[in-house]
Amino acid sequence: MSVNRPRQRWQNLAPRLLIGSLLLLLAVAVLVFDRYWAPWYPCLAVTTIGFGWLASRELRQIFPEPRPPGWWMHGGVIALLLTNWIPQGLELPSGWGGSATTVLLVTALVLLVGFLAEMARFVGKEGAIHRLALGSLALVWLGVAPGFLLRLRWLGDELATGNAFASDLGLWALAFGIFVPKVGDMAAYFGGSWLGRHQLAPILSPKKTWEGALAGLGGSILIGLAIAEMCRYHTGQPLLSWPATLVSAAVVGIVAQYSDLAESLVKRERQVKDTSSYLPGLGGILDVVDSLLLSAPVSWLALSIGRQL
């Protein structure tokens, strides 16, 4: 199906560029300044809490009634995100299994709390299963999946040096996990606005086009190659080999577009355009991080396995 790009598509360009630039500065600041507090990375932790809480609030607002209790859903998401810091600060028992075991344990404990809360309020009416199901979706989507992105910050486990630009591998790994999807987003937006003619997903997201998707894939590959080269130049160590970088950036870029469409599925089901109006021109926090959520496990897998090849 062919689609003509309306001029209205450009009406939000100025606020998009402004908010996008501010978010870019925030990402760079978190990546650069946090190196001096390795391995705690407090700036990343604070940013994670803020984005996690706001995204969880937005998702709960568009959930159908009966909604999960806010204290359980938001608290569980934040607890799961912060679980990634626990192995860095505690002397864990022998045979514990590292961060994966900790995340599984916290997930089970949060789910237990949810069941206990429903048992306490249950009076024989409908709603408990619905609330638990929606809350569990939020826990996995907003708490477990992006945890793989956070884990990239500790990749290589080298400590920072005095040079703000000669950082550890974890900095460049996290940059890869963030910017490969997000630069792909931007390239898809501009490519689709200029060249888009054929709809990619007419029902889920009518404005997305195949031309935009190809532009997004190209942007993801280019930024992935650039980050790998900058890592090699500044640290003297390869993030990935050239072929592995090419394949990884392409796969992460493709999955990021599906991750974006996953949020579109939820919004289309609930008949909302944006999850909130927190960010003028861009929508809500969830609208900004959507491409990162389900691409995070793929980024972690590509960088963890790719470095062994």
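## Thr235 in helix α9

Thr235 lies in helix α9. The model described here is a predicted one. In space, the C-alpha atoms of Thr235 and Leu169 are 7.5 Å apart, although 66 residues separate the two in sequence.

The side chain of Thr235 takes part in two listed approaches to backbone atoms. At 2.6 Å it reaches the backbone oxygen of Cys231. At 3.1 Å the side chain of Thr235 reaches the backbone nitrogen of Gln237.

## Helices α8 and α9

Helix α9 covers residues 210–235, and helix α8 covers residues 169–195.

How do the two helix axes cross? Because angles over 145 degrees count as roughly antiparallel, α8 is roughly antiparallel to α9. The crossing of α8 and α9 is right-handed. Sorted by class, the residues in the contact of α8 with α9 are 15 nonpolar, 10 polar and one charged.

## Ser205 in strand β2

Strand β2 consists of residues 205–209, and Ser205 is found in it. Is Ser205 buried or exposed? Its relative accessibility is 10%. Since buried means under 20%, Ser205 counts as buried.

Leaving aside residues up to four places away in sequence, Ser205 touches Leu261, Ser264 and Arg268.

Notes: Residues are numbered from 1 along each chain as its sequence is written. This is a predicted model: local features need pLDDT of at least 70, side-chain atom pairs count only at pLDDT 80 or more; totals for chains, interfaces and linings use all residues. Side-chain values use heavy atoms; hydrogens and water are left out. Helices (H or I, at least four residues) and strands (E, at least two) are DSSP runs, numbered from the N terminus. Buried means under 20% relative accessible area, exposed over 50%, partly exposed in between (1.4 Å probe, protein chains only). Contact means heavy atoms within 4.5 Å. Axes are lines fitted to C-alpha atoms, for helices over the stretch in contact, and angles run from 0 to 180 degrees between N-to-C directions. Angles under 35 degrees count as roughly parallel, over 145 as roughly antiparallel, 65 to 115 as roughly perpendicular and the rest as oblique. A crossing is left-handed if the near helix is turned anticlockwise from the far one by less than a right angle, and right-handed if clockwise. Ala, Val, Leu, Ile, Met, Phe, Trp, Tyr, Cys and Pro count as nonpolar, Asp, Glu, Lys and Arg as charged, and the others, Gly among them, as polar. A polar contact is a pair of N or O atoms within 3.5 Å; within protein, one must be able to donate a hydrogen and the other to accept it, and residues adjacent in sequence count only if both atoms are side-chain atoms.
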